[in-house]
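Look at the model, then follow the dialogue.

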Amino acid sequence: LRCCTAASVVTDGSGAAADERSLYIMRVVQIAVMCVLALTVVFGIFFLGCNLLIKSEGMINFLVKERRPSKEVEAAVVGPY
């Protein structure tokens, strides 16, 4: 594949050095982009997990409140009997 690319055609030594430098820069940019994407995914999963944890705690508190009726309801139920 290297023989068919335009980057492989070199007329003198300075072209090869420029080629190596551009490849190095491209690799560094690729690594930087991958690091940013990986951090985005990690923080996204972290914040999604925190959000789900907060919602689940709210649901648990809601269910606990429903199981334990308020004293007003008990007084209304006990009163007529």
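**Reading aromatic pairs**

A search of the whole structure, a predicted model, finds two aromatic pairs.

Q: How is a pair of aromatic rings described?
A: Two values describe such a pair: the distance of the centres and the angle of the planes. Take Phe43 and Phe47: their ring centres are 6.3 Å apart and their planes meet at 25 degrees. Planes under 30 degrees apart count as stacked, so this pair is stacked.

Q: Where do Phe43 and Phe47 sit in helix 1?
A: Helix 1 covers residues 13–67. Phe43 and Phe47 are four residues apart there, so about one helical turn separates them.

Q: Is Phe47 buried or exposed?
A: The cut-off for exposed is over 50% relative accessible area. Phe47 has 53%, so Phe47 is exposed. Phe43 has 45% and is partly exposed.

Q: What kind of aromatic pair do Phe46 and Phe47 form?
A: Planes over 60 degrees apart count as edge-to-face. Phe46 and Phe47 have 65 degrees between the planes and 5.3 Å centre to centre, and the pair is edge-to-face. Phe46 is partly exposed, with a relative accessible area of 48%.

Q: Which residues form the aromatic cluster?
A: Phe43, Phe46 and Phe47 form one cluster.

Q: Which residues does UniProt list for "transmembrane region"?
A: The unreviewed UniProt entry lists residues 28–54. In the model, that span is 100% helix and 0% strand. Its end C-alpha atoms lie 39 Å apart.

Notes. Residues numbered from 1 in each chain as written. Predicted model: local features only at pLDDT ≥ 70, side-chain atom pairs only at ≥ 80, totals over all residues. Heavy atoms only, no water. UniProt positions renumbered as here; feature names shortened; annotations may be inferred. Helix = DSSP H or I, 4+ residues; strand = E, 2+ residues; numbered from the N terminus. Phe/Tyr/Trp six-rings, centres within 6.5 Å; stacked < 30°, edge-to-face > 60°. Buried < 20%, exposed > 50% of the residue type's maximum accessible area, 1.4 Å probe, protein only.
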